[in-house]
Amino acid sequence: MSIRSFRSVLTARRSFRAGVLVAVGVASVALFGGGTAAAAPVTCVSPPSANDILVSDTASCGATAEDAFARAYAADSGTAVSVAESAGAAEAHATGFGTALSAARDGGRSFAYALGGGLSHSWAQGPATTLSVAGYGSGATADTTGVTCVGAQSFAVNTATGQWCAVGVGSTPR
């Protein structure tokens, strides 16, 4: 083997190693989401504001309450809205392209979570607590008429009726 061919083998190995490192770097950036645009999280709270609305890039939230408490949190293109009145408490969280809607009145407690693209709706009235959680491609509803789950990443419960559902199973007829 001549020195020239030995150098070409070393150069080929170095080039191959460099290519592998670049491929691993690109794969890890794609896997962990590096370089993706992300909106800063926003949190809306009422009171102290009667009607709090915030938008940051593509994340948006809104909260309004009258003699009650409402909080909405959104990040990464999520949309969250909470409405409460008459001693109710409503909380909504949305991430990804999720949409979370929460409402409560007459002392009810409502929680809606849309994680990574889900659609979540929760409504509580009276001494009830409702919870709905939906992930990517799924939907969940918990309200005064029952609960509904659609998709593999869904969960909903209503403490007043004792109804619950998960992964599209156990839903009540509407």
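Glu 91 is buried, at a relative accessible area of 17%. Buried means under 20% relative accessible area, exposed means over 50%, and partly exposed lies in between, with a 1.4 Å probe and protein chains only. Accessible areas come from the Shrake-Rupley method with a 1.4 Å probe, and for residues only the protein chains shown count as cover.

The model is predicted: local features need pLDDT of at least 70, side-chain atom pairs count only at pLDDT 80 or more, and totals for chains, interfaces and linings use all residues. Residues are numbered from 1 along each chain as its sequence is written, and side-chain values use heavy atoms, leaving out hydrogens and water.

**Salt bridges**

Glu 91 forms a salt bridge with Arg 71. A salt bridge here is a side-chain nitrogen of Lys or Arg within 4 Å of a carboxyl oxygen of Asp or Glu. The closest N and O atoms of Arg 71 and Glu 91 are 3.8 Å apart. Arg 71 sits in strand β4 (residues 69-74) and Glu 91 in strand β6 (residues 89-94), so the pair ties together parts that are 20 residues apart in sequence. Arg 71 is partly exposed, at 30% relative accessibility.

The structure holds 3 salt bridges.

| Residue | Partner | Closest N and O atoms |
|---|---|---|
| Arg 71 | Glu 91 | 3.8 Å |
| Glu 85 | Arg 105 | 3.1 Å |
| Arg 105 | Asp 106 | 3.7 Å |

Glu 85 forms a salt bridge with Arg 105. Glu 85 belongs to strand β5 (residues 79-85) and Arg 105 to strand β7 (residues 99-105), so this pair ties together parts that are 20 residues apart in sequence. Arg 105 also forms a salt bridge with Asp 106. Glu 85 is partly exposed, with a relative accessible area of 30%. Arg 105 is partly exposed at 29%. Asp 106 counts as partly exposed at 37% relative accessibility.

**Strand pairing**

Strands β5 and β7 run parallel and are joined by 7 bridges. Two strands pair if DSSP finds at least two bridges between them. Val 83 has Ala 103 in β7 as its bridge partner. Strand β7 in turn runs parallel to strand β9 (residues 119-125), with 7 bridges joining them. Arg 105 has Gln 125 in β9 as its bridge partner.

**A loop residue**

Asp 76 lies in the loop between β4 and β5. Its relative accessible area is 36%, and Asp 76 is partly exposed. Asp 76 and Pro 41 are 35 residues apart in sequence and 7.1 Å apart in space, C-alpha to C-alpha.

**The whole protein**

The protein has 1 helix and 14 strands. These are DSSP runs, numbered from the N terminus: helices are H or I with at least four residues, strands are E with at least two. Of the 174 residues, 37% are buried. The protein exposes about 9500 Å², and carbon and sulfur atoms supply 64% of that area. Among contacts (heavy atoms within 4.5 Å) between residues at least 6 apart in sequence, 11% join residues at least 24 apart.
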